[in-house]
Amino acid sequence: MKDSILLRILRLARPYWPLLLGSVFFSFVASLFSGSIAWLVKPVLNNIFLEKNYHYLRLLPLAVIGIFFLRGVSAFLQSYLMRMAAIKLVNDLRYRLYQKILRLPLAEVRRETSGRLVSRVISDTTAIEPVLGDMFRTLMLEGLTVATLVGVALYRRWDLSLLALTVFPVVAVGSRKLGARARRMRHLAQQEIAALTHQLTESLAGLREIKVYLQESYLLRRFREKLTGYYRYILRVTKYREGSRLLVDLMTGVGGALIFTYGGHLVIKGAMTPGDFFSVLTAILMIFSPLRRLSRAYTGIYDAAAALERIEEVLRYPEETGGSLEAFPPRKAIKFEEVYFRYPYTQEYVLEDINLRIPAGKVVAILGPSGAGKSTLVSLIPRFYDPTRGRVTLDDIDLREFDLVSLRKLIGIVSQEIVLFNATVAENIAFGRPGATREEIIQAAKLAHAHEFIEKLPQGYDTILGHRGFNLSGGQRQRIAIARAILKNPPILILDEATSHLDSVSEKKVQEALERLMSGRTTIIIAHRLSTVTRADLLVVMDHGRIVAQGKHEELLKTCPLYRELYQTLGFEKRASA
Ligand SMILES: Nc1ncnc2c1ncn2[C@@H]1O[C@H](COP(=O)(O)OP(=O)(O)OP(=O)(O)O)[C@@H](O)[C@H]1O
Ligand SMILES: [Mg+2]
């Protein structure tokens with residue numbers, strides 16, 4: 001796995017091979033200059049200090065300055081180029097991960113907690129960086145040193161050297177085992193960190209709930225538990241790491257004992273000169289320090305390998321797929337045919353035996369108690385999810401046959417939970433149609449009755465909204481979402497309780513805007529308001545995941561007790577808010 005990870009990382013870094021090559025080149029140049037410093041010692045000593053040659057002394061400062069300067073520049077360039085390649089590679093990975101996240105089916109995003117995905121993009125990619133930055137160079141240079149030293153030792157006295165080298169496999173196997181344990185612990189530690197991140201984001205989002213339900217001490221306790229878990233795992237990582245270092249030290253002792261005993265024997269017997277003995281001894285001892293650096297790089301590479309493994313796992317997730325047909329505005333109808341649906345990784349069906357025809361250009365209102373499956377039903381139209389059984393069709397063609405982008409281009413949604421992005425009001429509205437002009441944006445905002453309040457915001461249409469921006473009220477958010485949908489001007493419109501946050505005056509205005517928006521469009525509206533219900537072309541009553549009745553208002557009043565009940569509640573709400 002170790003070599004394959006290097007290869008894999010090098011493959012990832014392939015686009016940056018000129019940088020890597022340049023870096024390798026300068027690292028050799030730098031070591032050459034290092035060598036030349038040592039080399040210079042002899043002529044300096046002999047010519048200046050012993051022969052007292054002035055000619056040499058005049059040249060010396062220039063040479064010393066020059067060599068140190070060039071060595072410094074080479075080292076700088078080596079490190080700079082390598083870093084460039086490493087960061088570019090890491091950023092590539094981050095970009096690909098983000099792209100992947102955007103293309104994940106919703107089912108997958110729910111499964112992975114967001115904290116874990118975030119740690120893939122940020123921490124795991126960061127763990128890859130040192131492989132190129134340091135380890136790659138360590139492996140190359142130290143590997144070369146070790147090879148040379150082994151060569152020298154074998155050349156001097158092969159049997160003695162082999163005897164001394166027998167300790168190395170023990171070290172290798174031991175370190176490998178300990179390394180595997182360290183990796184497992186490191187993985188667990190990273191999971192704790194991901195959980196911490198998750199709790200942190202969650203707490204910031206839900207600060208009000210936490211305060212009013214006095215959950216501080218409970219949350220602190222859970223946070224502390226995760227911190228303790230992290231502490232334990234990291235301590236174990238350290239234990240295994242230091243353990244492998246300890247093993248190296250022990251084996252150095254054993255190796256030394258072997259060499260001295262057998263070597264001493266050979267020398268006393270006269271089978272070997274003391275010079276050969278010390279040459280072998282020096283070479284073997286000199287191997288240890290680069291070897292230790294190699295093994296450190298090796299563990300680092302394992303860490304990186306584990307991170308890369310996790311990154312590649314995400315990159316392998318299936319993406320949303322669509323067909324090749326170009327979707328078109330409905331001419332006949334959108335139909336649900338024998339649709340059954342359950343959310344991924346759950347057992348219970350949330351939709352059962354759904355047969356529904358949404359005629360082109362008409363308004364279909366869906367009613368039903370909370371949890372009946374209304375939002376789930378409409379989420380099948382943009383293919384946020386696909387039916388577990390049965391199919392949803394557009395003019396009798398299965399939605400899965402359409403190209404996803406072309407399908408979603410047809411659809412506008414004002415959903416139950418409106419998300420505003422960290423961007424200006426204008427940009428948030430233009431989400432509906434990137435590239436819209438300011439006039440078009442203002443026009444859409446006016447139609448959605450949002451223009452008035454937007455103008456009163458601190459920077460008007462340029463006020464930053466969302467996460468770290470200006471906070472809007474629920475009703476204001478809805479009107480932004482409606483403006484988005486108006487601007488997109490889609491042939492299919494999905495409104496999930498679009499007017500639920502508005503006071504009765506605004507509701508009336510928004511209702512007008514929506515009616516204008518709905519006319520001529522195929523509209524599915526999840527209705528919680530009397531006015532929508534009575535004006536819809538078709539009413540669909542849902543309960544426990546099934547359609548219990550559909551028809552016109554008058555029919556349903558007579559035939560469907562649940563509808564009567566719902567209708568009365570709506571009527572009551574209406575009177576109460578008026
Ligand atoms: N992402 C999800 N994963 C698993 N189950 C879900 C998910 N979303 C909703 N459900 C379940 O599906 C059922 C139907 O939910 P849905 O949101 O469609 O109801 P609804 O009719 O829109 O209710 P409301 O009127 O309260 O918005 C509920 O039992 C809910 O628990
Ligand atoms: Mg809902």
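Which residue forms a salt bridge with Arg408? The partner is Glu320, and the closest N and O atoms of the two are 2.7 Å apart. This comes from a predicted model.

One pair of residues gives another distance. Ala549 and Val237 are 312 residues apart along the chain, and their C-alpha atoms are separated by 62 Å. Ala549 sits in strand 10, residues 546-551. Is Ala549 buried or exposed? Its relative accessible area is 14%. Buried means under 20%, so Ala549 counts as buried.

## Salt bridges

How many salt bridges does the structure hold? There are 18. Side chains of opposite charge can pair when their charged atoms come close. One of these bridges joins Arg8 to Glu312, with 3.1 Å between the closest N and O atoms. Arg8 belongs to helix 1 (residues 2-12) and Glu312 to helix 10 (residues 274-316), so this pair ties together parts that are 304 residues apart in sequence. Both Arg8 and Glu312 are buried. Arg8 and Glu312 also belong to a network of salt bridges, together with Glu309.

Back to the opening pair, in which Arg408 forms a salt bridge with Glu320. Arg408 is in helix 12 (residues 404-409), while Glu320 is in the loop between helix 10 and strand 1, so the bridge ties together parts 88 residues apart in sequence. Arg408 has a relative accessible area of 24% and is partly exposed. Glu320 is partly exposed too, with a relative accessible area of 24%.

Strand 1 (residues 333-341) pairs with strand 4 over five bridges, in the antiparallel sense.

## The hairpin and its salt bridge

Strand 4 and strand 5 form a hairpin with two residues between the strands. Which residue of this hairpin takes a positive phi? Asp395 does, with a value near 45 degrees.

Asp396 lies in the loop between strand 4 and strand 5. Asp396 forms a salt bridge with Lys335, the closest N and O atoms being 3.0 Å apart. Lys335 is in strand 1, so the pair ties together parts that are 61 residues apart in sequence. Asp396 is partly exposed, at 37% relative accessibility. Lys335 counts as partly exposed as well, at 24%.

## Helix 16

Helix 16 spans residues 474-488 and has 15 residues. From its first C-alpha to its last, helix 16 reaches 21 Å, close to the 21 Å expected at 1.5 Å a residue.

How many residues of helix 16 are buried? The count is 12 of 15, and the helix is mostly covered. Among the buried residues are Arg479 and Arg484, along with Ile480, Ile482, Ile486 and Leu487. Gly475, Gln476 and Gln478 are also among them. After the helix comes Asn489, whose phi is positive, near 55 degrees.

## A nonpolar surface patch

Which residues make the nonpolar surface patch? They are Ile65, Phe69, Leu70 and Val73. The patch has an area of about 380 Å². Phe69 belongs to helix 3 (residues 54-103). The relative accessible area of Phe69 is 54%. The cut-off for exposed is over 50%, so Phe69 counts as exposed.

Definitions and conventions. Residues numbered from 1 in each chain as written. Chains lettered and ligands numbered in written order. Predicted model: local features only at pLDDT ≥ 70, side-chain atom pairs only at ≥ 80, totals over all residues. Heavy atoms only, no water. Pairing = 2+ DSSP bridges. Helix = DSSP H or I, 4+ residues; strand = E, 2+ residues; numbered from the N terminus. Patch = residues over 30% accessible without salt bridge, like charges linked within 9 Å, V, L, I, M, F, W, Y side chains within 5 Å. Areas by Shrake-Rupley, 256 points an atom, 1.4 Å probe, with all protein chains shown as cover. Salt bridge = Lys/Arg side-chain N within 4 Å of Asp/Glu carboxyl O. Buried < 20%, exposed > 50% of the residue type's maximum accessible area, 1.4 Å probe, protein only. Expected span 1.5 Å × (residues − 1).
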